[in-house]
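This report looks at one strand and the residues packed around it. The sequence and structure are shown first.

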Amino acid sequence: MPASRGQFAQLLAPGLYSIIYEDLEMHAEEYSQLFNVYPSTRAYEEDQLVAGLGSILKKPEGEAIKMDEPIQGGSIRFTHESWGLGFQVTREMWDDEQYGTMRKVSQDFAGGIRQTVEATYANVMNNSFGTQTSIDGVSLINTAHPLLGGGTYSNRSATDIAFSIAGLQELTILFEKMVNERGLLKRMIPAQVWLPVDLQFKAGEILHSTYKPYTGNNEVNVMQGRFEPMVNHYFSSATAWWMTSEKRSHTLKGYWRTQPEYDNQDDFFTKGANFSVFFRFSAGVTYWHGIAGSDGV
């Protein structure tokens with residue numbers, strides 16, 4: 001009948017998309033717990049590094065005040081990439097299937113969206129010891145971040161120390177001594193420790209024990225309750241770990257240019273129905289402040 005033309009996909013879409021949304025909401029987002037996520041209306045977003053003024057200098061009596069000026073550094077661009085995937089439901093499959101096949105396909109669709117977004121964000125940290133650079137041109141976690149005012153600073157353990165009380169203490173000291181581009185103390189405060197699933201139980205022992213774990217000396221565990229352990233299931237290393245400030249104090253971030261959009265269409269020739277998703281986003285980091293890490297051993 002002419003009235004039925006074009007209605008197959010429309011009839012299927014509400015149920016299939018409902019399954020997709022249900023599956024996406026089944027597990028809490030992990031990337032947004034670590035990253036600052038913003039909307040964007042442009043093809044890309046760009047940040048510029050500028051060093052402010054230095055420390056205040058003594059002014060001898062009768063002499064002119066010394067002048068200073070900001071120093072311009074490099075820039076970094078967040079370019080939104082496009083992602084998409086589709087699948088087709090044949091009319092025969094819809095008419096005959098009795099085993100929840102379409103529900104499984106919809107769940108796979110949702111799983112693919114989650115995997116792409118979460119893994120893209122997690123790779124900022126996975127690559128932080130190598131290819132993921134800060135605005136200063138070196139790897140995000142590095143022992144020698146060049147400062148515009150001269151000198152360098154490290155946000156990486158001197159040796160790739162394992163997640164431990166000694167490691168936590170080393171990174172805490174590096175963190176709290178962080179300086180700005182003019183070498184002035186930033187007073188950064190670490191708040192969270194980010195770990196792969198492999199270290200979650202060790203984190204519980206170290207961060208929740210009243211006494212130092214793995215010793216029989218009954219020494220007070222000064223790291224107890226100091227940090228909130230956070231696990232990310234998309235970190236690829238079993239040994240790497242990171243320390244971060246509160247989200248508002250670091251620049252791990254990403255942009256949604258286009259949130260996931262779902263579309264559906266009947267296929268006149270096959271009588272099947274086509275479904276697709278399309279989205280655009282970017283993920284990265286601007287600056288190394290508020291982040292420190294170790295690749296583990």
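Contact here means heavy atoms within 4.5 Å. The model is predicted. Leaving out residues up to four places away in sequence, F163 touches L168, V193, L195, L199, K202, A203, I206, L207 and W241.

W241 belongs to strand 9, which spans residues 241-244. From this strand W241 and M243 point one way, while W242 and T244 point the other way; all are buried.

| Partner of strand 9 | Sense | Bridges | A bridge pair |
|---|---|---|---|
| Strand 7 (residues 192-195) | antiparallel | three | W194 and W242 |
| Strand 12 (residues 291-294) | antiparallel | four | S294 and W241 |

The largest nonpolar core holds 67 residues, and those touching the most other members are M125, F163, L168, W241, W242, L252 and F275. Helix 4 (residues 101-126) gives the most to this core, contributing eight residues. In soluble globular proteins, nonpolar side chains tend to be buried together.

I161 sits in the loop that runs between strand 6 (152-153) and helix 5 (165-176). Is I161 buried or exposed? I161 counts as buried because its relative accessible area is 18%, and the cut-off for buried is under 20%. Apart from neighbours within four places in sequence, I161 is in contact with A166, G167, E170, W241, S294, G296 and V297. W241 and S294, both in that list, are also bridge partners. V37 lies 31 Å from I161, C-alpha to C-alpha, at a sequence separation of 124 residues.

Technical notes
Residues are numbered from 1 along each chain as its sequence is written. This is a predicted model: local features need pLDDT of at least 70, side-chain atom pairs count only at pLDDT 80 or more; totals for chains, interfaces and linings use all residues. Side-chain values use heavy atoms; hydrogens and water are left out. Buried means under 20% relative accessible area, exposed over 50%, partly exposed in between (1.4 Å probe, protein chains only). Helices (H or I, at least four residues) and strands (E, at least two) are DSSP runs, numbered from the N terminus. Two strands pair if DSSP finds at least two bridges between them. A nonpolar core is a set of buried Ala, Val, Leu, Ile, Met, Phe, Trp, Tyr and Cys residues joined through side-chain atoms within 4.5 Å.
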